[in-house]
Amino acid sequence: MTSKASLLRRTAAELIGTASLLVVVIGSGIQAASLSRDTGVALVANSLASAIGLGLIITLFGPLSGAHLNPVVTLTAWWARRAGGEGLDAREAFAYAAAQTAGAIGGAVLAETMFGRTPGTFSTQVRDGGHLLIGEIVATAGLVLVIQGLGRIGRPRLIPVAVAAYIAAAIWFTSSGSFANPAGTIGRAFSDSFTGIAPQSLPGFVAAQLAGGVLGLALATLLYGREHGRTGSGPERPEQADAPAPLADMPRPGAGFEAIV
């Protein structure tokens, strides 16, 4: 068998993977907030659970769809193809982004339902201010740089653990808490919980994340140069089945962004 997984299977993987990520992020946030009134303790629990869950999800779905779980990562894969490498065409990129967004909303609703809360309730946590948007730009640019950088230096096998570690750190070192994922941000608007974001805050956060993605790509090109030919932005091909790296096909120079989250 020499053909890659069908677009249907890959988009299903993106939908399920992103939904799973939101269940982990929101569910652990709800659980942490219910067990401790100390915000710091709750954030530690939420960041650890989110990082561990993200790493496992990337490892599981990476060989199938690339485990983008994030429209910014998908856009970097689309850009890689436009730049002459391997990646996603416009139709595939649109399907990925749509599946990620639907999965994020579904995951948020599932997490709320699982904890006996009213599903579909919009968040009331307004997150605004220029400093938070700067935080999102930094968080997203760093995520893209981690993925692109590891791909360009030939160490894609480290991407699952590196991305998980980066997100765990970025939740703490950025002012915004490192949402760094447009689909995940939209999904979090459907949870009035510790990890939620009010709908009116979405435009600013999503715009900052897109800007961060562009910045991350620019930094990767500045530091590592352009890479032509295979970029590994698609799912794993059968001839690579023996490769131990789940994200061996993650877009390399030229998927950047579940994150996170």
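This is a predicted model: local features need pLDDT of at least 70, side-chain atom pairs count only at pLDDT 80 or more; totals for chains, interfaces and linings use all residues.
Residues are numbered from 1 along each chain as its sequence is written, and side-chain values use heavy atoms, with hydrogens and water left out.

Two packed helices are described by the angle between their axes and the distance between the axes. Here the axes are lines fitted to C-alpha atoms, for helices over the stretch in contact, and the angles run from 0 to 180 degrees between N-to-C directions.

Helix α1, residues 7-35, packs against helix α4, residues 90-114, at an angle of about 35°, and their axes are 7 Å apart. The contact of α1 with α4 has 16 nonpolar, six polar and five charged residues, where Ala, Val, Leu, Ile, Met, Phe, Trp, Tyr, Cys and Pro count as nonpolar, Asp, Glu, Lys and Arg as charged, and the others, Gly among them, as polar.

The crossing of α5 and α8 is right-handed, and its contact residues divide into 15 nonpolar, nine polar and two charged.

Now to the charged side chains: how many salt bridges are there? A salt bridge is a side-chain nitrogen of Lys or Arg within 4 Å of a carboxyl oxygen of Asp or Glu, and by this rule the count comes to three.

In one of them, Glu92 pairs with Arg10, with the closest N and O atoms 3.0 Å apart. Because Glu92 lies in helix α4 and Arg10 in helix α1, the pair ties together parts that are 82 residues apart in sequence. Are these two residues buried or exposed? Buried means under 20% relative accessible area, exposed over 50%, and partly exposed in between (1.4 Å probe, protein chains only), so Glu92 at 5% is buried, and Arg10 at 2% is buried as well.

Glu92 also forms a salt bridge with Arg81, the closest N and O atoms being 3.9 Å apart. Arg81 lies in helix α3, residues 71-82, and Glu92 in helix α4, so this pair ties together parts that are eleven residues apart in sequence. Arg81 is partly exposed, at 42%, and Arg10, Arg81 and Glu92 are linked in a network of salt bridges.

Glu112 forms a salt bridge with Arg117 at 3.1 Å between the closest N and O atoms; Glu112 is buried at 1% relative accessibility, whereas Arg117 is partly exposed at 30%.

Finally, helix α4 also holds Ala98, which is partly exposed, with a relative accessible area of 38%. Ala98 and Ala183 are 85 residues apart in sequence, yet their C-alpha atoms are 8.6 Å apart in space.

Terms used: Helices (H or I, at least four residues) and strands (E, at least two) are DSSP runs, numbered from the N terminus. A crossing is left-handed if the near helix is turned anticlockwise from the far one by less than a right angle, and right-handed if clockwise.
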